[in-house]
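Reader: I have a chain open on my screen and would like to go through it with you. Could you take my questions in turn?

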Amino acid sequence: NTIFLALSSANLPAGSDSFKWARSGVSILSLMVGSLIAGRIYTAVGPNRRLTLIGSFLLQAFCIVIAAILVQTDAVPETNATEKVVLIAIPFLAAQSGAQVATAKSLGFSELPTTVLTSVYNDLASDDKLLAWDNPKRDRRLGSVVMMM
């Protein structure tokens, strides 16, 4: 999204969808809001409390369901991303992603970026202990790739 935001702000590539900057900006902002809210809750209540995690996962599921309902009922077009109405669904998905990242980090699993696999691939490739028998961080990274797919 950051790359799309930068390119579309400069109207690159020429003749491309000029609405990309808004989608990317709303997505980044919503991800940050989701991270902020989840992070504040974990700071205040504690991430390791069962009720906190259940509430977090239920809220994330709710956000995904709302976005899915918006698309399935054609309130948000599935194919025409140039319409401004798509901005309705983006915050739900992006805030859910932000909460998911905050959850993983608050539980002490910072090696599991749960929304972007690029850094996981990088971390795997640069892991000095990649082929070591006992490497829990590598195992969690590989597990996250498998589960995301």
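Reader: Where does Gly46 lie, and what does Gly46 touch?

Author: Gly46 lies in the loop between H2 and H3, where helices are DSSP runs of H or I with at least four residues, strands are E runs of at least two, and both are numbered from the N terminus. Not counting residues up to four places away in sequence, Gly46 touches Ile41 and Thr52, a contact being heavy atoms within 4.5 Å. Gly46 and Ser106 are 60 residues apart in sequence, yet their C-alpha atoms are 8.5 Å apart in space.

Reader: How many helices and strands does the chain have?

Author: The chain has six helices and zero strands, and read along the sequence the pattern is α-α-α-α-α-α. Buried residues make up 31% of the 149 residues. Of the contacts with a separation of 6 or more, 58% are between residues 24 or more positions apart.

Reader: What span does H2 reach, and which of its residues are buried?

Author: Helix H2, residues 20-45, has 26 residues and reaches 37 Å from its first C-alpha to its last, close to the 38 Å expected at 1.5 Å a residue; the expected span is 1.5 Å times one less than the number of residues. The buried residues of H2 include Ala22, Arg23, Gly34 and Tyr42.

Reader: And H3, what do its buried residues pack against?

Author: The buried residues of H3 pack against H2 and H4; among them are Leu53, Cys63, Ala67 and Leu70. H3 has 23 residues and reaches 32 Å between its first and last C-alpha, close to the 33 Å expected.

Reader: Changing topic, which residues make up the largest nonpolar core?

Author: The largest nonpolar core has seven residues, namely Phe19, Ala22, Ala67, Leu70, Val76, Val86 and Ala89, where such a core is a set of buried Ala, Val, Leu, Ile, Met, Phe, Trp, Tyr and Cys residues joined through side-chain atoms within 4.5 Å. Ala89 lies in the loop between H3 and H4 and counts as buried, at 7% relative accessibility. Leaving aside neighbours within four places in sequence, Ala89 is in contact with Ala67, Leu70 and Val76, while Leu70 is in contact with Ala75, Val76, Ile88, Ala89 and Phe92.

Reader: Is Asp74, in that loop, buried or exposed?

Author: Asp74, in the loop between H3 and H4, is exposed, with a relative accessible area of 61%. Its phi is near 65°, a positive value in a residue other than glycine.

Reader: Where is confidence lowest, and where is it highest?

Author: Confidence is lowest in helix H5, residues 118-125, at a mean pLDDT of 70, and highest in H3, at 89; pLDDT is the predictor's confidence in each residue, from 0 to 100. The chain averages a pLDDT of 80, and 81% of the residues score at least 70. Where pLDDT is low, the predicted coordinates should not be read in detail.

Technical notes. Residues are numbered from 1 along each chain as its sequence is written. Side-chain values use heavy atoms; hydrogens and water are left out. Buried means under 20% relative accessible area, exposed over 50%, partly exposed in between (1.4 Å probe, protein chains only).
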